[in-house]
Amino acid sequence: MADEAKAKGNAAFSSGDFNTAVKHFTDAINLSPTNHVLYSNRSAAYASLHQYDVALSDAKKTVDLKPDWSKGYSRLGAAHLGLHQYQEAVSAYKKGLEIDPNNEALKSGLVDAQSAATASASRARSAQPPNPFGDAFQGPEMWAKLTADPTTRAFLQQPDFVKAMQEIQRNPSKLNEHLKDHRVMQALGVLLNVKFAHGGGDDMEVPEAETPSSSKPSQSSKEEAKKPEPVPEPEPMEITEEEKKKEKKEKALKEKETGNAAYKKKDFETAIKHYTKAMEIDDEDVSYITNRAAVYLEMGKYEDCIKDCDKAVERGRELRADYKMIAKALTRKGTAFVKMAKCSKDYEPAIETFQKALTEHRNPDTLKKLNDAEKAKKELEQQEYFDPKIAVEEREEGNECFKQQKYPEAVKHYTESLRRNPKDPKAYSNRAACYTKLGALPDGLKDAEKCIELDPTFSKGYTRKGAVQFFMKEYDKALETYQEGLKHDPNNQELLDGVRRCVEQINKASRGDLSPEELKERQAKAMQDPEIQNILSDPVMRQVLVDFEENPKAAQEHTKNPMVMNKIQKLISAGIVQMR
């Protein structure tokens, strides 16, 4: 609250409204009575109103509260000088210079005070008779009377009138020079408590003091008497660095808000103008830079966006800014790179920038942008590498190696073929056969499934998949695969042979023809199958199995249920259940 009142006082002082400034500084002092800066500022305001007695009181309070503050002695000297207490003014300025020898305001004030003291001594020696109206202009009472009168109070806001009254106060003989100014005549009437007729100032003269012929002052004394006494000029209000910084931030934030409003309206040029202004006012907030970068991004000026993002990162690190702000700038830079990308290589700087952003702050939006960029890069690479003709050539090379039983070399050629044409089901089928020969059954199964996915009518895909499942001793699954293939190619001999082999193995288990080792191996493998686990954990199926063993009549009813019999068949194929 005290700071708010102080700020209002400073604003009033700057606009020349010294009475309002005094009011606000007084309010601030009531809230913070030990703040020496407030007394100093009010002293300056009183001095501007030529109320030097109260200015002196505030200056003394300032020095009492902060004896080691040079500004207080500057206020003290100015108040003494306004009261024509020249020696006290000289003493105050000298004390201030002891604290701050390089203070220009104190040096200037000391020179003025010493000059005034010298001029005053010279006038005293010249013993000039007093001007008839001289007493009316002496002391601070003159300014108090002029302030109290409604008419002359308005004149005090006019610099030329104040200057004229100061000249007359220093040298009453100067009155004749200003008698044509009706404001001076009005002021003279107020000071003498006399009402002059309007416009009578042109014919009126004030007699100058005559110098006795017996005692003419020397030429040097006359010159000294003519020198005007210095009048203390009020110094500007004391504003702390913290207040200056706060004021700058407030101005910059207003510019930012105006820029934000323009951005929402798609008025990008205006937004850039205000963000730039905010950057000039306050260079300690990188959000102004990142906001301008966002505008450039919307405008398609990607190079300018990247430059601003780099500037934001560099300045942010200097200021030790929030890591989230650094990450935001890097993410925006990566987005600009993505917008500029025309080939797969163009995505590399974007991916690198997104990765840097994630090291600063793991933001979900940045992570998504990284994944999208990597995906787009991969797709472009495939498009750039796509060549069906070379793909066929590589597949043929693989076939030759397969015939020669060079399975690793065949895999390399089939892989290159798929890179050139990732939509070729034949290459997947052939590579699945190689993996089967090499014993890499999971890889073979994956390729066979991809082959079927690309072309569900391609019978080779089913024979490859069925063969892999057969070698993995998943006979029931292999049987299903072969049967699915026969739907598309009913006369395919490989598929028919596959069905026959699977049935033989399943029947062998159901007849109990397996050796103890084979049975144990098949059961262990079956227990790892999630489908078998679900069947065995089903309470209904467990009761069915008990009925088959203990209740033939109930078992007979279960055989009429296709779903139950399908599950029983799976258990038989896995070697879990044997029929006797």
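**Helical architecture and local features of the predicted chain**

His-50 is buried, its relative accessible area being 9% (buried denotes under 20% relative accessible area, exposed over 50%, and partly exposed in between, with a 1.4 Å probe and protein chains only). This residue belongs to a predicted model, in which local features need pLDDT of at least 70 and side-chain atom pairs count only at pLDDT 80 or more, whereas totals for chains, interfaces and linings use all residues. Residues are numbered from 1 along each chain as its sequence is written, and side-chain values use heavy atoms, with hydrogens and water left out.

His-50 lies in the loop between helix H3 (36-48) and helix H4 (52-65); helices (H or I, at least four residues) and strands (E, at least two) are DSSP runs numbered from the N terminus. Although His-50 is not a glycine, its phi is positive, at about 65 degrees. A positive phi of about 65 degrees is likewise found at His-84, which is not a glycine. The loop that holds His-84 runs between helix H5 (70-82) and helix H6 (86-99). With a relative accessibility of 31%, His-84 counts as partly exposed.

For the chain as a whole, the secondary structure comprises 31 helices and zero strands. Of its 580 residues, 43% count as buried. Among contacts with a separation of 6 or more, 55% are made by residues 24 or more positions apart, a contact being heavy atoms within 4.5 Å. The mean pLDDT is 84, and 86% of the residues reach 70 or more; pLDDT is the predictor's confidence in each residue, from 0 to 100. Over residues 198-233 pLDDT stays under 50, and the model has 41 contacts beyond four places in sequence for this segment.

UniProt positions are given in the numbering used here, feature names are shortened, and annotations may be inferred rather than shown by experiment. Residues 2-35 are 79% helix and 0% strand, with end C-alpha atoms 10 Å apart. Residues 459-492 are also 79% helix and 0% strand, and their end C-alpha atoms are 8 Å apart.

Helix H21 (residues 407-420) contains Glu-416, which counts as buried at 16% relative accessibility. Beyond its neighbours within four places in sequence, Glu-416 is in contact with Tyr-385 and Glu-394. Ser-108 is located in helix H7 (residues 104-126) and, at 40% relative accessibility, counts as partly exposed.

The feature "domain: STI1" is placed by the unreviewed UniProt entry at residues 139-178 and 529-568. Residues 529-568 are 85% helix and 0% strand, and the end C-alpha atoms of this span are 15 Å apart. The axes of helix H28 (residues 530-537) and helix H29 (residues 539-550) come within 5 Å and cross at roughly 75 degrees. H28 is therefore roughly perpendicular to H29. Here, axes are lines fitted to C-alpha atoms, for helices over the stretch in contact, and angles run from 0 to 180 degrees between N-to-C directions; angles under 35 degrees count as roughly parallel, over 145 as roughly antiparallel, 65 to 115 as roughly perpendicular and the rest as oblique. In this contact, Ile-535, Leu-536 and Ser-537 of H28 meet Pro-539, Met-541, Arg-542 and Leu-545 of H29. By class, the residues are five nonpolar, one polar and one charged (Ala, Val, Leu, Ile, Met, Phe, Trp, Tyr, Cys and Pro count as nonpolar, Asp, Glu, Lys and Arg as charged, and the others, Gly among them, as polar).
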